[in-house]
Amino acid sequence: MNDILPGEVETWQFLEEQARRIFGLYGFCEIRVPVVEKTELFQRSIGETTDIVEKEMYTFRDKSDNSLTLRPEGTAPVIRAFIQNKLHTRDPIAKLFYMGPMFRYERPQKGRYRQFHQIGAEVIGVEDPKIDAQILTMLTHYFANVGIADVELQINSLGCPECRPGYRQALTGFLEKRLDALCDDCRRRYRTNPLRVVDCKVPGCKEATGGAPSVLDHLCGSCRGHFAGVQEHLREVGTAFTINERMVRGLDYYTKTTFEMVTSSLGSQNAVAAGGRYDGLIKDLGGPPLPGIGFAMGVERLVLMKGDTRIEPSSPELFLAALGEEATRYTFGLMSRLQRRGLHVEMDYEGKSLKAQLRRADKLMAKRVLIIGEEELARRQGQLRTMETSTQESIPLDNIEDFLMKDAALNR
Ligand code: HAM
């Protein structure tokens, strides 16, 4: 779990602001849901036999003996909120986005943390593959906009309750003969969740499952048509993608389209964003039988990928340097009035020497410094210094606020 300090937080703010702006263009509204939910919500949605539910959740009992869990992801809480607040009665289509911390007890490494942050989006109520293409186009648009280029969009289809059992059977038959070559986790998965074996990253498993049957060869007519539609619409709008038939997501609620934005620059944590369709989830959680699709991006991974292109904290437009008690009182009032009018102003609070105050202004990279001593105050004149050129001019203190507001606007 990390602190996000000044100097890095500006990149976070940039990534969040761009998400608000771009998702807004596609009609998404923000939703904020609690960080804690009933444990059962995640067991029922993500799936009892997934890594997340089996070993990664921060679960505890509260004083009333309820089992609660720090959310390991955002989709289930958003769907819970959608159902509980009957959002479908407001609008048959809901486009929601969210951002915030998620918690998984994983082994930490570069790009993998126990408290991490997601920016996610969900569309509820549309089954047409055009919405899959829209979501993927929005994701691609976002990456291009924030300047992250080294990513590839990979898509797959995991079928539906009609065709998945057939695939599962074909896969189990294939794996049965190769159990000895699989890692311990995969031998367990073979019984509980065999699809996960196909995207195990352990080299031995990769090799053993090289010729495994493809999920795409087992799709029913409806899923095949839907997947073809997604690809066609992506081509129509020029959103580049590749098909990865071995991509199986680590959450059980997916049906049909699944996808990941992968990068080669983050080592083994190669997914910067991931998601898919979950057409059965809303009904399974007690809501109306509506389809859904969405994704989440890992913000820490986005920040790592943006690298050293650090966004500087904004520097003050004006620094007020006061000398003497009377001038300090005057300056303190002036600073507050200017801040209320929207100017970024700083001053020294502790009565330091002029030299020390100018040093501070320089460190903060203030554009201008207004120097006011007792003498200046008596003469109703201040010295306005331009830091870049080290030049100074005398200016009257009458109407000083208006003057400084205009001066700052000219310097922006
Ligand atoms: P997920 O694949 O579990 O999907 O997570 C989405 C993204 O969150 C990952 O691609 C990764 O960038 C980031 N992430 C996950 N775990 C960690 C971690 N321990 N440390 C840092 N980053 C991490 C979901 O969570 C689904 N709810 C996505 C979704 C939304 N599907 C449909 N709608």
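**Figure 1. The shell around the ligand, by residue class.** Ala, Val, Leu, Ile, Met, Phe, Trp, Tyr, Cys and Pro count as nonpolar, Asp, Glu, Lys and Arg as charged, and the others, Gly among them, as polar. By these classes, the shell around the ligand holds 13 nonpolar, 7 polar and 7 charged residues. The model is predicted: local features need pLDDT of at least 70, and side-chain atom pairs count only at pLDDT 80 or more, while totals for chains, interfaces and linings use all residues. Residues are numbered from 1 along each chain as its sequence is written, and side-chain values use heavy atoms, with hydrogens and water left out. Of the 27 residues around the ligand (a heavy atom within 4 Å), those that come nearest are Glu73, Arg104, Glu106, Arg249 and Tyr254.

Figure 2. A polar side-chain atom of arginine 104 lies 2.8 Å from a ligand oxygen atom. Backbone N or O atoms take part elsewhere: one of tyrosine 113 lies 2.9 Å from a ligand nitrogen atom, and one of phenylalanine 295 lies 3.3 Å from a ligand nitrogen atom. On its own the ligand has 660 Å² of accessible area (Shrake-Rupley method, 1.4 Å probe), and the protein covers 96% of this area. Strand S6 (115-124), strand S10 (271-277) and strand S11 (292-298) each give two or more residues to the shell; S10 gives the most, with 6 residues. Strands (E, at least two residues) and helices (H or I, at least four) are DSSP runs, numbered from the N terminus.

**Figure 3. Packing of helices H5 and H10.** Helix H5 (residues 129-146) packs against helix H10 (residues 221-236) at an angle of about 45°, and their axes are 8 Å apart. The crossing of H5 and H10 is right-handed (the near helix is turned clockwise from the far one by less than a right angle).

**Figure 4. Two loop residues with positive phi.** Lysine 86, in the loop between helix H4 (75-84) and strand S5 (94-103), has a positive phi of about 45° although it is not a glycine. Asparagine 399, not a glycine either, has a positive phi of about 60°. Asparagine 399 is in the loop between strand S16 (391-396) and helix H16 (400-411).

Terms used: A polar contact is a pair of N or O atoms within 3.5 Å; within protein, one must be able to donate a hydrogen and the other to accept it, and residues adjacent in sequence count only if both atoms are side-chain atoms. Axes are lines fitted to C-alpha atoms, for helices over the stretch in contact, and angles run from 0 to 180 degrees between N-to-C directions.
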